[in-house]
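Here is a friendly note to read alongside the model. Take the points in order and look up each residue as you go.

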Amino acid sequence: MSSSIESLVNKEYQYGFVTDVESDTIAPGLTEDTVRLISSKKDEPEWLLEWRLKAFRRWQAMTEPHWSNLKYAPIDYQAQRYYSAPKSITPLQSLDQVDPELLRAYDKLGISLSEQKHLAGVAVDAIFDSVSVGTTMKAELSKHGVVFCSFTEAVHNHPELIKKYLGSVVPYSDNFFAALNSAVFSDGSFCYVPKGVRCPIELSTYFRINAANTGQFERTLIVADEGAYVSYLEGCTAPKRDTHQLHAAVVELVALDNATVKYSTVQNWYAGDKDGVGGIYNFVTKRGKAHTNSKISWTQVETGSAITWKYPSVILQGDNSTGEFYSVAVVNNMQQADTGTKMIHIGKNTKSTIISKGISAGHGQNSYRGQVKMLPKAHGSRNYTQCDSMLIGNKCGAHTFPYIEVANNSSITEHEASTSKIGEDQIFYCKQRGLSAEHAISLIVSGFCREVFKELPMEFALEAQQLLGITLEGSVG
Amino acid sequence: MLKIDNLHATAGDKEILKGISLTVNAGEVHAIMGPNGSGKSTLAQIIAGHPGYVVTAGSVTYEGKDLLAMPAEERAQAGVFLAFQYPVEIPGVTNAYFFRSAYNEVRKANGKEELDPIEFLDLMEKKLKLVEMDEAMLHRSVNAGFSGGEKKRNEILQMAVLEPKLAILDETDSGLDIDALRVVAGGVNALRRPDNATIVVTHYQRLLNYIVPDFVHVLAHGRIVKSGGKELALELEARGYDWVMEAA
Ligand SMILES: Nc1ncnc2c1ncn2[C@@H]1O[C@H](COP(=O)(O)OP(=O)(O)OP(=O)(O)O)[C@@H](O)[C@H]1O
Ligand SMILES: [Mg+2]
């Protein structure tokens with residue numbers, strides 16, 4: 001465990017700065033013309049514009065879903081801006097052409113984009129508002145045949161892969177936010193690992209929202225071909241602003257036969273202030289399709305955003321495939337999270353594991369929503385779900401909504417749930433040993449989250465623990 | 001070292017301590033005995049800084065400082081240690097990590113250098129021997145799933161690590177088998193120095209054969225009703241508490 005949590009416990013949201021860059025930002029509003037404009041800014045082929053337009057028309061016919069346990073004022077989709085990009089970025093430029101101001105912004109976030117100083121063993125795609133600033137370690141990766149680049153670049157350089165897999169896991173008609181994303185998505189990351197290749201380094205994307213009144217709508221697509229392995233990390237931050245900003249992303253994972261995709265997220269969007277002013281509205285659709293003998297594993301640490309609506313899921317399509325979901329969701333102050341997963345067992349002998357840890361402090365409301373579905377032909381399948389909630393203080397809430405459907409008689413599901421309160425006695429015990437209340441809480445909470453943290457890659461595990469400390473700052477009276 | 005003067009304390013509406021006075025000097029061992037519910041643990045918890053009690057009158061001075069004005073963690077950093085009657089479980093946090101955090105926090109507060117995990121393990125090896133505990137215990141979560149006796153032993157292990165100036169053992173002997181009792185008492189004795197002091201809360205004279213007290217106090221209904229030397233414990237064992245309470 002990290003001993004640096006302590007030093008960070010009392011820090012405020014440290015990513016709340018704004019970078020002063022001249023941007024090309026389009027006018028607020030969303031019409032077919034907006035979709036065409038975004039597509040033309042990206043110089044897209046006709047087939048992709050057509051796909052966007054189909055999505056847009058579909059979206060217009062849909063209504064915003066309200067089945068979640070989230071309360072927020074109606075979102076005015078016509079008041080949003082759907083595209084903003086620093087002027088200095090030209091499509092498909094290389095990293096050494098990047099505006100130094102942008103590089104400094106990433107340095108401040110702890111991410112070095114220059115090839116000399118990059119984090120050993122991690123390749124980074126840096127997305128700034130609606131565009132990719134650049135991707136590191138491409139040359140190293142291409143030696144292994146691994147494609148890792150911005151989505152825009154992939155559309156130009158690997159159209160056959162994009163055509164084949166775009167929307168293959170999350171169709172544009174899937175849900176309101178997925179349809180919106182499909183219509184207006186601006187950038188994101190694309191990764192393809194060829195047959196039998198074990199991607200030698202961690203891949204990561206760092207999402208940064210900078211522009212005001214602009215939403216971020218990114219799209220990530222990861223394809224692991226037969227027998228391939230890839231571990232991918234995602235991090236997110238945004239400046240402090242007193243208006244809500246919309247983030248609606250789609251992530252699609254494809255694990256072909258015998259492949260493994262491990263996807264980790266540390267979500268730290270600006271959460272709003274103590275009174276719930278400002279903060280990101282985070283509506284995300286993440287889903288993976290697991291083919292025969294393959295494995296898809298989601299790990300998420302959700303500490304930011306005013307509102308989180310997110311259910312990373314796995315379609316266990318192939319026989320003997322495995323789906324995993326490990327989650328820590330923290331809400332403090334006025335934050336609300338409605339998050340969980342769906343495990344859809346279609347193939348025989350498929351296996352899924354769900355470990356969810358919800359932590360609520362302040363006036364935060366945390367809901368776990370999970371669906372486990374065993375279809376008639378998913379003989380011999382198993383699910384294990386463990387869903388634990390921890391409450392800090394007595395103004396917050398924890399809720400669980402498990403949905404279990406088993407349509408054959410050879411499958412087994414297990415569900416365990418617990419709710420605990422950080423006791424005064426636990427805190428006193430730690431204090432009696434010389435620890436401060438803040439230190440005590442981050443220690444108790446880290447212990448509570450241990451099963452999830454151990455799933456994170458090393459560098460991220462530390463960051464995640466530090467984040468917990470910051471998020472829970474001031475949660476003990 | 002510790003001076004308690006006319007201490008009154010309540011929990012909820014209930015007055016639990018009704019005027020306790022007690023002086024403990026460096027190098028001394030004090031035993032506190034008394035019937036169930038008489039206020040022994042309450043006294044121990046108030047010295048340690050538990051927030052659940054309200055001191056309504058009196059004072060507690062520790063090394064010349066107003067102890068009651070110090071937050072619990074500062075008291076711990078200043079050398080006050082409580083071995084809990086009911087040690088608390090912290091799932092998912094290993095003993096090793098917890099002990100090291102505590103140890104380093106106390107070191108830091110006293111202007112000393114912190115130990116890294118490797119150095120700390122070296123230190124732990126010696127301390128484990130003192131209470132005859134297996135290294136495997138270090139890698140288990142703090143008190144989680146420990147047997148009653150293991151929890152008590154784990155408290156003394158922490159005391160051995162932190163080397164407090166003032167240690168209060170609240171019924172550390174309850175739930176220990178004969179061998180464990182000897183080991184734990186041996187550990188406590190090994191930690192005794194002329195410049196530290198120990199308060200032992202117990203129901204059994206048996207423990208006092210191992211940890212020999214300089215003073216024995218009887219606490220009943222929130223007051224110290226009788227004090228004496230180690231022979232008082234023997235007398236209590238033979239005659240029970242009624243005679244002391246009647247005489248008081
Ligand atoms: N937080 C509290 N609220 C209300 N009553 C309390 C509280 N803490 C202790 N008491 C009461 O105060 C009295 C003294 O309790 P305490 O635990 O100090 O006794 P004790 O002498 O340690 O007893 P034992 O020998 O059984 O451990 C008991 O009647 C107990 O129920
Ligand atoms: Mg007691």
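1. Let's start at B:Ser41, which is partly exposed at 21% relative accessible area; here buried means under 20%, exposed over 50% and partly exposed in between (1.4 Å probe, protein chains only). B:Gln85, at 16%, counts as buried. This is a predicted model, where local features need pLDDT of at least 70, side-chain atom pairs count only at pLDDT 80 or more, and totals for chains, interfaces and linings use all residues. Residues are numbered from 1 along each chain as its sequence is written, chains are lettered from A and ligands numbered from 1 in the order in which they are written, and side-chain values use heavy atoms, with hydrogens and water left out.

2. What are the protein donors of the magnesium ion (ligand 2)? They are B:Ser41 (OG) and B:Gln85 (OE1), lying 1.9 to 2.1 Å from the ion. B:Ser41 is in helix H1 (residues 40-48) of chain B and B:Gln85 in the loop between strands S6 (80-83) and S7 (90-94) of that chain, so the two tie together parts 44 residues apart in sequence. Donors are N, O and S atoms within 2.8 Å of the metal (3.2 Å for Na, K and Ca); water is not among the atoms, so sites may look incomplete. Helices (H or I, at least four residues) and strands (E, at least two) are DSSP runs, numbered from the N terminus.

3. Now look at helix H5 (residues 148-162) of chain B. Its 15 residues reach 22 Å from first C-alpha to last, close to the 21 Å expected at 1.5 Å a residue (1.5 Å times one less than the number of residues). Since 13 of those 15 residues are buried, H5(B) is largely enclosed by the rest of the structure. Just after H5(B), B:Glu163 takes a positive phi of about 40 degrees.

4. How many disulfides are there over all chains? The search finds 0, a disulfide being a pair of cysteine sulfur atoms within 2.5 Å. The sulfur of A:Cys199 is 6.1 Å from the closest cysteine sulfur, in A:Cys191, which is too far for a bond. A:Cys199 is buried at 6% relative accessibility.

5. Finally, two charges over rings. A:Arg198 lies over the face of A:Tyr229, 3.9 Å from the ring centre. The charged end of A:Arg219 sits over the ring of A:Phe185, 5.7 Å from its centre. The rule asks for NZ of Lys or CZ of Arg within 6 Å of the ring centre and within 35 degrees of the ring normal.
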